Every structure is written in C-alpha cells, then in structure tokens.
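Please brief me on this chain, from the overall fold down to single residues. Keep it short and grouped by topic.

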Amino acid sequence: MLLPAEIESKTLIPALRAILAKKLAEDHNIREEEISKMLGVTQAAISNYIRGTRGDPSLIAKLLAEKQVSIMIDELCDGLSSDMAYTPSSLSKFIGLCNYIKSSLLICEIHHNLESNIDEQVCKECENMLLKGPGSVY
C-alpha cells in the first residue's frame, strides 16, 4: 500500500514540475538552466520534463483539466517567471497546490490508478486524514 506522501513524491510532484517546466519554457521563454534553478532539479531533468519523457502524461492532463489546479499552476508560474527565482512565496504556493490536491481528494484518484486493490476501510481512513489536513493525527 502506498502512503499519500509516496504518491505525492513519486507521481504528483514530477507531474507538477513537468507542467511548470513546460509552461515556463513555452509561455515565458525561460531557459532550461534557469528553470532548473527555480524548481531545484537538474537541467537534464527539465529537458526531460519539457520533452514529456518525465512525468505521467495522463496525470498531467488530469491535473490541467481541474480548473482550480490550473489556476494555481498559472499563478505559481507567473510568480516564478517574474521573480526568476525559487522564493519563499513560490515555495508556499507549490506546497499549497500539493495540499489542495490532497485535501480535494484528487490524490485518491491518482492512488486508485496506481493501486486498484485498495482495502475500502483503509481508503476511508486515509480520506478522513486527508480531509483533516496536514499535521492531523488519529
């Protein structure tokens, strides 16, 4: 069984980085080297994100289809492109985006696509914890 944090680190964050890298390169004409500094990964990773060889394409499409997620990505992209650096504000927006995806239970759909045999009781318990928000305990 995958934990929400594993889903976030293995699939969600790479998909979000792919979206941001592509938008920063295509919509804001920022070079891969600068994007790599903004997102805290190598230039080679950025190249892979932009070419579509890193980050799940179906997850990327799903995320971009969600109106609030798309709005939050655009705001984050605009902030990164104007500051040209990874600032506390952009970090906060990235974390907020991840938290929104968890608290809106979009992460549950991602999880079900990765693991189809999740026990319903475990799923419900996890869902309850996600709805309570970060830092909640039993």
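**Overall picture**

Residues 24 or more positions apart make up 66% of the chain's contacts with a separation of 6 or more; contact means heavy atoms within 4.5 Å. This is a predicted model, where local features need pLDDT of at least 70 and side-chain atom pairs count only at pLDDT 80 or more, while totals for chains, interfaces and linings use all residues. Residues are numbered from 1 along each chain as its sequence is written, and side-chain values use heavy atoms, with hydrogens and water left out.

**Fold and dimensions**

- The chain holds eight helices and zero strands. Helices (H or I, at least four residues) and strands (E, at least two) are DSSP runs, numbered from the N terminus.
- Read from the N terminus, the order of elements is α-α-α-α-α-α-α-α. The radius of gyration is 15 Å, close to the 14 Å that the globule rule gives for 138 residues, so the chain is as compact as a globular protein of that length. That radius is taken over C-alpha atoms, and the globule rule is 2.2 Å times the number of residues to the power 0.38.
- Along the principal axes, the C-alpha atoms fill a box of roughly 45 × 30 × 25 Å.

**Surface and charge**

- Of the 138 residues, 41% count as buried. Buried means under 20% relative accessible area, exposed over 50%, and partly exposed in between (1.4 Å probe, protein chains only).
- The accessible surface of the chain is about 7700 Å², and 53% of that belongs to carbon and sulfur atoms. Areas come from the Shrake-Rupley method with a 1.4 Å probe; for residues, only the protein chains shown count as cover.
- There are 14 positive and 19 negative side chains, and the centres of the two sets lie 3 Å apart. Lys and Arg count as positive and Asp and Glu as negative, with His and the chain ends not counted. Each charge is placed at NZ of Lys, CZ of Arg, CG of Asp or CD of Glu.

**The annotated segment**

- An unreviewed UniProt entry lists residues 33-59 as "domain: HTH cro/C1-type". Its positions are given in the numbering used here, feature names are shortened, and annotations may be inferred rather than shown by experiment.
- Over residues 33-59 the chain is 70% helix and 0% strand. The end C-alpha atoms of this stretch are 25 Å apart.

**Helix 3 and its end**

- The buried residues of helix 3 are Ala-45, Ile-46, Ser-47, Tyr-49 and Ile-50. Their cover includes helix 1 and helix 2.
- Arg-51 lies in helix 3, which spans residues 43-51. Arg-51 counts as exposed, at 55% relative accessibility.
- Arg-51 and Ser-116 are 65 residues apart in sequence, and their C-alpha atoms are 29 Å apart in space.

- Most residues other than glycine have a negative phi.
- Asn-29 is not a glycine, yet has a positive phi of about 55 degrees. Asn-29 sits in the loop between helix 1 (4-28) and helix 2 (32-39). With a relative accessible area of 67%, Asn-29 is exposed.
- Leu-105 is not a glycine either, and its phi is positive at about 65 degrees. Leu-105 sits in the loop between helix 6 (88-103) and helix 7 (106-114). At 21% relative accessibility, Leu-105 counts as partly exposed.
- Leu-105 touches Glu-127, Leu-130 and Leu-131, not counting residues up to four places away in sequence.
- Leu-105 and Ala-45 are 60 residues apart in sequence and 28 Å apart in space, C-alpha to C-alpha.

**Two buried helix residues**

- Lys-102 is in helix 6. Its relative accessible area is 18%, so Lys-102 is buried.
- Lys-102 touches Glu-8, Ile-107 and Leu-130, leaving aside residues up to four places away in sequence.
- Gly-79 is in helix 5 (residues 67-83). Gly-79 counts as buried, at 17% relative accessibility.
- Gly-79 and Ser-89 are ten residues apart along the chain, and their C-alpha atoms are separated by 8.2 Å.
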